[in-house]
Amino acid sequence: MADSSENVVRKVVLITGSSSGIGAATAIQFATLGYRLSLFALNVPMDEDGLADTKDRCLKANPKLTSDDILTMTGDLTIEKDCHLFIEKTFEKFKRLDVLVANAGVVSASRLENMKMEDFDRVMNINCRVVVLMNKLVIPYLAETKGNIVNVSSVAGLRACNDMMAYCMSKAAVAQLTRCAASELASKGIRVNAVCPGVIDSTRIFHNAGLSTEFHDLMIERVKATHPLGRAGTPEEVAKSIAFLASEEHASFMTGVTLPIDGGRCVSS
Ligand SMILES: NC(=O)c1ccc[n+]([C@@H]2O[C@H](COP(=O)([O-])OP(=O)(O)OC[C@H]3O[C@@H](n4cnc5c(N)ncnc54)[C@H](O)[C@@H]3O)[C@@H](O)[C@H]2O)c1
């Protein structure tokens with residue numbers, strides 16, 4: 001799905017959470033399309049290694065890119081100054097910004113009855129507040145380029161999922177942010193869309209949530225019944241849909257969309 005005009009102007013995409021899973025696959029997808037990349041991940045050793053690996057894979061995916069075309073930074077997006085710094089450094093290096101992919105997020109298992117409010121605040125902070133702030137901070141840059149935003153929500157933001165109350169609420173907020181921001185920013189020529197993945201086979205997010213490998217394997221097994229296509233999705237399948245929504249060539253009349261990439265989970269009984 002090469003976007004010829006995008007290749008000519010050498011567009012810049014900023015992706016949060018690109019050290020693994022969906023964010024890493026999205027970076028590689030945009031690299032193949034010729035974008036220059038600004039990649040961000042949490043400042044812990046595993047993600048720092050993951051981010052370096054993503055950069056290597058981007059360079060391999062598109063030999064026309066050089067190391068100088070990819071900025072990598074680590075920090076903690078729940079610290080507001082890191083959000084500001086990430087965007088400022090991106091602009092300082094590339095002098096433009098065309099696409100924000102707000103992907104960084106965490107999963108947490110919780111039920112209303114035993115909800116720990118510290119956990120609720122933590123999940124709402126990274127999955128929702130940070131996404132709002134990042135959407136807000138990129139507005140002046142995207143207004144210049146008539147760029148766009150793709151937020152990563154979830155099927156859990158569109159329907160109830162058992163035992164994931166805080167996560168579901170945070171992702172529903174991202175879906176609604178997407179609709180409101182799309183309506184507000186259309187007059188500036190900025191499109192805002194979201195993807196809503198079903199269960200994606202990327203073990204890292206579940207491991208980080210303290211869920212065991214057995215739980216993960218059980219969930220992937222259960223997907224055969226809950227997702228009509230009978231399997232979990234792949235990070236690459238989500239990445240391709242993100243690139244589609246970001247493309248001016250393919251999705252120029254799409255804004256405010258919350259696109260399920262869920263093997264039919266949303267329409268299953
Ligand atoms: N994996 C799934 O099944 C699934 C399904 C639906 C939606 N999603 C959403 O997709 C997104 C990516 O999920 P994934 O499975 O690829 O996750 P992952 O755990 O593989 O990656 C998460 C990324 O977010 C970054 N991150 C987390 N907290 C951060 C912080 N405080 N500051 C900076 N960066 C931080 C990590 O460094 C990492 O790069 C998340 O928003 C998730 O909710 C995932």
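**Close-up views of a predicted model**

**View 1. Helix 2 and helix 3 cross in a right-handed way.** The structure shown is a predicted model. Helix 3 spans residues 45–61. The axes of helix 2 and helix 3 lie 8 Å apart, and the angle between them is about 25 degrees. Angles under 35 degrees count as roughly parallel, so helix 2 and helix 3 are roughly parallel to each other. Look for A24, A27, I28, A31 and T32 on helix 2. They meet T54, R57, C58 and A61 on helix 3. Sorted by class, this contact has six nonpolar residues, two polar and one charged.

**View 2. Helix 2 also packs against helix 10.** Helix 2 covers residues 21–32, and helix 10 covers residues 235–246. Their axes come within 8 Å and cross at roughly 55 degrees. Helix 2 and helix 10 are therefore oblique to each other. The crossing of helix 2 with helix 10 is right-handed. Helix 2 brings G21, I22, A25, T26, Q29 and F30 to the contact. Helix 10 brings P235, E236, V238, A239, K240, I242, A243 and A246. Nine residues of this contact are nonpolar, three are polar and two are charged.

**View 3. Helix 4 meets helix 5.** Here the view moves to residues 80–94, which form helix 4, and residues 117–137, which form helix 5. The two axes come within 10 Å and cross at roughly 35 degrees. Helix 4 and helix 5 make a right-handed crossing. On helix 4, find E80, C83, H84, F86 and I87. On helix 5, find their partners R129, V130, L133, M134 and L137. The contact of helix 4 with helix 5 counts seven nonpolar residues, one polar and two charged.

View 4. Y167 places a polar side-chain atom 2.6 Å from an oxygen atom of the ligand.

Conventions: Residues numbered from 1 in each chain as written. Predicted model: local features only at pLDDT ≥ 70, side-chain atom pairs only at ≥ 80, totals over all residues. Heavy atoms only, no water. Axes fitted to C-alpha atoms, helices over the stretch in contact; angles between N-to-C directions. Helix = DSSP H or I, 4+ residues; strand = E, 2+ residues; numbered from the N terminus. Parallel < 35°, antiparallel > 145°, perpendicular 65-115°, else oblique. Left-handed = near helix turned anticlockwise from the far one by under 90°. Contact = heavy atoms within 4.5 Å. Nonpolar A, V, L, I, M, F, W, Y, C, P; charged D, E, K, R; others polar. Polar contact = N/O pair within 3.5 Å; in protein donor to acceptor, adjacent residues only side chain to side chain.
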